[in-house]
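Subject: Structure handover

Hello,

Here is the structure we talked about. Please open it first, then read the notes below.

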Amino acid sequence: MRAHRSRCHISHRFQLGDTSSRMAYHNTEELISEVEKRPALWDPSKEGSGGIAHRRPTAGTCCGGGAMEGKEVDMKRAAAQLIERYYFQLTDGCGNPNCTNSDCASSGKVGQLTKNEAAGKALQLFAARAKLCPTHHVMVAKTTRTEGNGSSNAMPSQTSGGQCAMQVLSMASASSSSPLPSSNVPPLLSPINAVTPQDTECLTEEILKETISECRAADNYAKLRRQLWAVFSNEIALRQSFLKNTDTKKEEMVTCDITKEEIRAQERDLDKDFDSQETLEEKMDSSMSDKMENGDVKRQDMEINVDIESLRRSYEMLFDCPEKEFCGTLMNAMVSLLSDSLSIQVRVHKDMFNANPDNINLFVIIFEISAMTWTEYIEVVMLELCKVASHLCLEDHVRLTRYFSTYTPARLKSLVETLHHVITFKIMTEFPREYFINEEESITSATKVMKLLYYANILGGTLDEPLLKDLPPEANDPMDSSDDPFMAMSHESKEPKQKYEDPLGQALGIHVLDSRDPLIPFSEFSHDLLSDQIEMDRDFAYYKAGSDKFSFMHYPFILTPATKALGLYYDNRIRMYSERRMSIYQTVMEGTPANPYLKLKIRRDHIIDDALVELEMVALENPGDLKKQLVVEFEGEQGIDEGGVSKEFFQLIVEQIFNPDYAMFCYNCETHTFWFNPTSFESDAQFTLIGIVLGLAIYNNVILDVHFPPVMYKKLSGKRGSFHDLKEWNTTLYRSLVELLEYEGDDMEEVFMQSYRIGYQDVFGANLTHDLKPDGENVLVNQSNKQDFVKQYADFLLNKSVERQFHAFRRGFSMVTDDSPLGHLFRPEELELLVCGSQNYDFMELMKSTEYDGGYTVNTAIVKAFWEIVHDMSDEDKKKLLQFTTGSARVPVGGLARLKLIIARHGPDCDRLPTAHTCFNVLLLPEYSSKEKLQDRLYKAIGYFQGFGML
């Protein structure tokens with residue numbers, strides 16, 4: 001066995017041990033301190049590190065306990081790793097009997113050195129950048145030791161005393177110093193030399209089964225513990241474990257121009273260190289990399305060669321054993337592998353680590369552990385696993401995502417809940433409040449891994465074809481712009497901005513809009529506690545800066561809709577302030593009249609005409625003014641718009657727009673939704689202006705009482721409607737088409753008598769027909785073409801028949817929201833929630849969040865009477881109360897608790913009605929003498945709530 005088989009990082013290994021180990025640790029720290037004084041002697045960039053990332057303390061430490069910067073920590077660890085290699089080269093040699101390196105023990109030119117002398121010499125070699133020999137496979141003589149329990153264990157001979165001591169200390173630190181639950185751990189000896197050769201190379205289902213049987217028969221699980229440590233603490237052994245087919249693997253190696261002798265050598269040398277020079281593994285990786293660069297093999301398309309079914313059976317056998325016999329060893333081994341070996345490689349030697357596509361096996365094997373949902377695993381192993389997995393290259397993230405997409409819904413949900421547990425654990429127990437949550441690596445790395453599961457959820461579910469990437473770009477608008485001046489204006493305006501595209505989604509070729517039926521609901525990915533803890537102002541700043549700072553807005557799936565709405569609010573407000581400053585600048589520098597707001601002066605009796613005319617003038621003359629804060633003034637009224645007047649304006653204009661007299665939209669009585677009238681006589685400009693109104697409502701944070709089917713928001717997000725979208729718009733038609741699809745008889749033509757000519761009605765009830773194919777009346781639907789018929793039928797109703805109206809509508813909507821992260825943050829169903837608000841009228845939530853002013857408290861008699869009256873109201877009256885107090889009858893995103901209603905005392909008992917400041921959600925309530933009088937005045941107030949005046 002090679003002399004420095006189980007090397008770990010010095011800073012981790014020498015945490016505990018005997019006196020000699022502490023002395024070695026002390027001296028090594030002194031060496032590193034001396035290295036820090038000579039920074040020019042070691043340049044990480046010349047070592048191919050590719051940059052050093054910040055590293056948080058490992059499991060068992062407080063995330064805020066170290067004052068040292070992350071880069072300095074990684075530099076120390078990398079320096080210690082190199083010094084350790086020089087140390088072993090001086091004490092044990094490289095194993096090559098023909099070595100000519102005068103600084104290597106194998107050459108015979110190095111005299112007898114004490115540990116401290118070897119450490120000092122190692123520092124000198126490190127500072128001089130001396131030559132490091134490639135390591136060679138060395139067989140170490142063994143002796144036999146009998147444990148107290150009667151079991152026999154192989155021990156390294158004392159000829160390699162330094163190596164043996166280092167291995168013993170490595171085991172000691174991984175077992176006794178671990179914060180993991182106590183359990184039986186392997187004896188303090190070399191884990192590899194303690195078992196048979198076939199056990200040291202890799203682990204298979206057959207080997208594990210045989211070992212478990214032997215241990216059960218002897219009622220002694222020492223061998224199992226040593227075997228688990230040997231494999232799960234060594235990346236080379238673990239990478240080669242549980243492979244699908246060894247013969248297939250050999251054939252793949254041969255195709256990489258590797259000789260049979262090299263294959264045999266690699267099979268004997270599975271435990272070689274990653275940083276060994278000129279190894280067979282690097283040759284194979286180099287050959288594979290050349291093939292990938294030449295386009296023969298795409299890494300992200302390479303199959304993971306782990307036998308998943310065999311692996312799962314192996315874990316079932318393992319966890320049938322008493323947990324106390326192996327769990328501590330297994331966790332210690334994985335922590336040692338993840339926190340030391342892999343953590344350094346993916347950070348400091350990332351390019352070298354990513355050169356081997358088989359490294360993905362390590363993560364698949366660990367993720368498959370069923371016990372990963374246990375608290376002990378979550379709080380230690382999963383933390384380290386996420387940190388390492390988040391640093392993998394994009395191609396390996398793609399492969400992991402495709403692997404996760406094969407999970408069952410229950411298994412995927414369990415893993416998502418595990419990651420939520422990781423985040424919750426860090427927030428609740430170890431995260432110091434003075435730290436910014438975006439800088440906590442445990443939380444950000446778990447979020448990055450959850451993104452893999454998010455896309456796996458889409459990929460493993462049912463996709464809505466055609467995929468978004470296969471659709472023609474929206475810019476290729478085929479419609480004639482002669483009757484819509486806005487279209488010509490939009491083409492002449494500024495260049496369209498590139499929207500953010502997630503690299504993982506692009507590599508997978510899917511988008512969230514492509515999901516029709518995910519494995520688990522998307523709501524399972526949002527984390528309420530995390531969303532509440534995020535400082536959205538700072539997170540938004542990181543998002544807009546586009547720097548390397550982590551922003552949760554790049555991972556919107558983990559945020560609640562209310563938190564995302566807050567991020568959108570910041571974006572809109574900053575844009576408003578920017579337009580305001582620009583207006584003031586133009587006034588000062590150019591003498592133009594100050595116009596910091598988008599002002600609309602409206603007559604209540606002509607609200608549609610006035611609003612659309614003024615908006616048309618603004619959009620044509622200066623579209624940028626649409627990005628200003630909206631201020632509405634009703635002619636003849638004294639109300640000052642601080643938000644409440646705008647709310648009423650939008651409510652009134654929406655009521656008029658959907659009035660059947662305008663015939664712009666059709667109403668479906670079954671689903672109570674509106675859809676575009678395909679035979680509307682209104683110009684495209686009118687639909688564009690309606691789109692502007694909807695965009696302005698979102699931009700000014702106003703909820704609308706509109707009733708579009710969900711497919712509308714899907715189309716606004718950029719995806720065309722499809723057959724399954726008919727269910728929420730025209731349920732009867734959808735059921736009829738499903739019945740047609742499910743019919744399997746050969747007499748379909750006689751039973752259904754359905755041709756490719758379809759009939760529909762316009763808004764006035766007139767019957768119209770349309771041929772889905774040329775001469776459609778004579779083409780009957782049968783078993784061979786029924787799928788095509790249903791597809792074309794839905795495409796006509798949802799897309800082609802309303803193409804002119806919808807394109808104009810979306811054009812107006814985009815004029816206001818084109819620069820907004822709206823499409824990136826919100827899925828279609830969340831966009832509907834943002835526009836229309838929630839349907840959950842929970843007035844208990846509102847009561848708990850209400851504040852009191854002017855002398856009122858929650859225990860005031862009139863306040864108690866008020867809430868008793870409210871809870872006895874009908875749903876319709878409750879909506880009127882909301883309309884009266886807030887200016888909108890809709891529930892905001894996040895529930896009624898987000899309203900922050902204030903009830904203020906408005907004088908003693910009197911005959912006045914209650915009044916409200918809708919801009920600030922303030923209800924002014926006189927202190928009436930009785931509950932009956934309060935009820936009478938309150939019902940009168942909410943029955944006559946239109947109009948504004950000055951108090």
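The accessible surface of the protein chain comes to about 42,500 Å². Carbon and sulfur atoms hold 50% of that surface. Accessible areas come from the Shrake-Rupley method with a 1.4 Å probe, and for residues only the protein chains shown count as cover.

Two notes on the source. This is a predicted model, in which local features need pLDDT of at least 70 and side-chain atom pairs count only at pLDDT 80 or more, while totals for chains, interfaces and linings use all residues. Residues are numbered from 1 along each chain as its sequence is written, and side-chain values use heavy atoms, with hydrogens and water left out.

**The whole chain**

The protein chain has 39 helices and 14 strands. Both are DSSP runs, numbered from the N terminus: helices (H or I) have at least four residues, strands (E) at least two. Of the 951 residues, 54% are buried. Buried means under 20% relative accessible area, exposed means over 50%, and partly exposed is in between (1.4 Å probe, protein chains only). Now take the contacts between residues at least 6 apart in sequence: 75% of them join residues at least 24 apart. A contact means heavy atoms within 4.5 Å.

Start with serine 339, in helix H14 (residues 327-348). Serine 339 has a relative accessible area of 1%, so it counts as buried. Where does the side chain of serine 339 reach? It reaches the backbone oxygen of valine 335, at 2.5 Å. That is a polar contact: a pair of N or O atoms within 3.5 Å. Within protein, one atom must be able to donate a hydrogen and the other to accept it, and residues adjacent in sequence count only if both atoms are side-chain atoms.

Next, leucine 392. Look in the loop between helix H17 (375-389) and helix H18 (394-404). Leucine 392 is buried too, because its relative accessible area is 4%. Leaving out residues up to four places away in sequence, leucine 392 touches Phe353, Asn354, Phe363, His397 and Leu400. Leucine 392 and asparagine 354 are 38 residues apart in sequence, yet their C-alpha atoms are 7.2 Å apart in space.

Then find glycine 567, in helix H25. Is glycine 567 buried or exposed? At 0% relative accessibility, glycine 567 is buried. Glycine 567 touches Met536, Phe540 and Met553, again not counting residues up to four places away in sequence. Proline 821 is 254 residues from glycine 567 in sequence, but 8.9 Å away in space, C-alpha to C-alpha.

**A nonpolar patch**

Helix H25 spans residues 561-590 and also holds valine 588. Valine 588 has 64% relative accessibility, so it counts as exposed. On the surface, valine 588 forms a nonpolar patch with Met582, Ile584, Tyr585 and Met589. Together they have about 550 Å² of accessible area. Patches are made of residues with over 30% relative accessible area and no salt bridge; like charges are joined within 9 Å, nonpolar side chains (Val, Leu, Ile, Met, Phe, Trp, Tyr) within 5 Å.

**Salt bridges**

How many salt bridges does the structure hold? There are 40. A salt bridge is a side-chain nitrogen of Lys or Arg within 4 Å of a carboxyl oxygen of Asp or Glu.

One of them joins glutamate 648 and arginine 604, at 3.0 Å from N to O. Glutamate 648 is in helix H27 (residues 644-657), and arginine 604 is in the loop between strand S5 (598-602) and helix H26 (607-621). The two are 44 residues apart. Glutamate 648 is buried, at 5% relative accessible area. Arginine 604 is partly exposed, at 26%.

Lysine 931 forms a salt bridge with glutamate 868, with the closest N and O atoms 2.9 Å apart. Lysine 931 is in helix H39 (residues 931-943) and glutamate 868 in helix H37 (residues 861-872), so this pair ties together parts that are 63 residues apart in sequence.

Aspartate 936 and arginine 937 form a salt bridge as well, at 2.4 Å between the closest N and O atoms.

**A hairpin**

Finally, strand S7 (residues 665-668) and strand S8 (residues 673-676) run antiparallel, joined by four bridges. Two strands pair if DSSP finds at least two bridges between them. Asparagine 668 stands opposite threonine 673 in S8. Four residues lie between the strands of this hairpin, and histidine 672 in the turn has a positive phi of about 55°.

Best wishes
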